[in-house]
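Thanks for coming. I will take a few minutes on one model and keep to what can be computed from its atoms.

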Amino acid sequence: MDSLLRLEAVQASYGQSRILFDISLTIGTGEMVGLLGRNGMGKTTTVRAITGQLATTGGDIVFKGRSVRNLPSHLLGRMGMGLVPEGRRIFPNLTVRENLVAAAANRSGRSEPWTLDRVLALFPRLSERLGNWGSQLSGGEQQMLAVGRALMINPDLLILDEATEGLAPIVRDVIWNALRQLKSEGLAILVIDRNLRQMMDVGDRHHIIEKGRTVWSGSSAAFSSEPTLKGRFLSV
Ligand SMILES: Nc1ncnc2c1ncn2[C@@H]1O[C@H](COP(=O)(O)OP(=O)(O)OP(=O)(O)O)[C@@H](O)[C@H]1O
Ligand SMILES: [Mg+2]
């Protein structure tokens with residue numbers, strides 16, 4: 001199968017300190033893939049390498065059949081990578097509506113592009129907040145907005161770094177239900193999240209990262225059939 005995104009032995013450093021040694025992973029069209037690993041193992045650094053925010057020093061990153069290694073973020077966005085970054089990075093001085101509209105791009109002229117109305121249908125809560133500043137939103141509302149903003153570029157791949165970190169359980173469910181719906185509509189999703197139950201329930205396949213290396217890759221069913229994985233690579 002041709003992958004939508006493929007990382008081959010990716011390496012990356014912050015200054016002198018090497019963080020990624022050997023990251024390999026794949027995401028197929030319409031797949032939801034989880035990126036797992038303990039704190040500080042390199043998940044966010046991997047996302048930064050994929051999205052052009054950190055230069056790689058080795059290996060290759062192939063998106064839609066083209067090597068995109070070290071392309072700038074805005075070009076990757078134009079190619080169809082939508083990012084929900086760690087910390088959300090909502091524009092505080094723009095309203096909810098402006099945050100969404102500023103991101104809009106019907107890149108491929110698709111027949112049913114994401115619109116403000118479609119995002120509001122996915123997250124009705126945002127309808128009540130359209131005129132509020134980004135700075136006035138709760139953490140959950142910010143995350144809904146961050147997902148909506150990423151969808152407004154009409155991505156082929158949605159990447160979420162800490163999909164539900166710091167959110168109340170009820171808001172986590174809102175986000176996970178949205179991800180479930182997006183996946184059912186055929187969107188490919190790379191997700192980082194601490195909730196293993198949802199990850200295994202909604203996700204198709206997963207990659208575990210340990211100290212900058214991919215140490216395990218497999219399906220949700222394979223993960224569940226190897227109970228030692230959790231203790232070896234995920235619990236603190
Ligand atoms: N800007 C930076 N400069 C130097 N080192 C960094 C920087 N950002 C992260 N690191 C280091 O890189 C390693 C990997 O960090 P990274 O943020 O990718 O981990 P993570 O798996 O996302 O962890 P978490 O689960 O806590 O989000 C850590 O040792 C971290 O201290
Ligand atoms: Mg992180």
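Conventions come before that. This is a predicted model, in which local features need pLDDT of at least 70 and side-chain atom pairs count only at pLDDT 80 or more, while totals for chains, interfaces and linings use all residues. Residues are numbered from 1 along each chain as its sequence is written, chains are lettered from A and ligands numbered from 1 in the order in which they are written, and side-chain values use heavy atoms, with hydrogens and water left out.

Helices are DSSP runs of H or I with at least four residues, strands are runs of E with at least two, and both are numbered from the N terminus.

On accessibility, buried means under 20% relative accessible area, exposed over 50%, and partly exposed in between, with a 1.4 Å probe and protein chains only. Thr-44 is partly exposed at 23%, and Glu-86 is also partly exposed, at 40%.

Next, ligand 1. There are 13 residues around ligand 1, and the closest are Gly-40, Gly-42, Lys-43, Thr-44 and Thr-45; a residue counts if one of its heavy atoms lies within 4 Å. Helix α1 supplies the largest share of this shell, three residues.

For polar contacts, the criterion for this ligand is a pair of N or O atoms within 3.5 Å. A polar side-chain atom of Lys-43 is 2.8 Å from an oxygen atom of ligand 1. For Gly-42, a backbone N or O atom is 3.0 Å from a ligand oxygen, and for Asn-39 a polar side-chain atom is at 3.1 Å. Taken alone, ligand 1 exposes 640 Å², of which the protein buries 60%; the areas are Shrake-Rupley with a 1.4 Å probe.

As for α1 itself, six of its eight residues are buried, so the helix is largely enclosed by the rest of the structure. Among the buried ones are Lys-43, Thr-45 and Val-47. After α1 comes Gly-52, with a positive phi near 75°.

Now strand β3, residues 32–36. How many of its residues are buried? Five of five. Met-32, Gly-34 and Leu-36 point one way, Val-33 and Leu-35 the other. Strand β3 runs parallel to β8, residues 188–192, with three bridges, and Gly-34 is partnered there by Val-191. Strand β3 is also parallel to β9, residues 205–210, over four bridges, where Leu-35 has His-207 as partner. Strands pair if DSSP finds at least two bridges between them.

Last, two non-glycine residues with positive phi. Arg-89 has about 50° and lies in the loop between β6 and α3. Lys-211 has about 45°, in the loop between β9 and β10 (213–219). Lys-211 is exposed, at 58%.

Note on methods:
A polar contact is a pair of N or O atoms within 3.5 Å; within protein, one must be able to donate a hydrogen and the other to accept it, and residues adjacent in sequence count only if both atoms are side-chain atoms.
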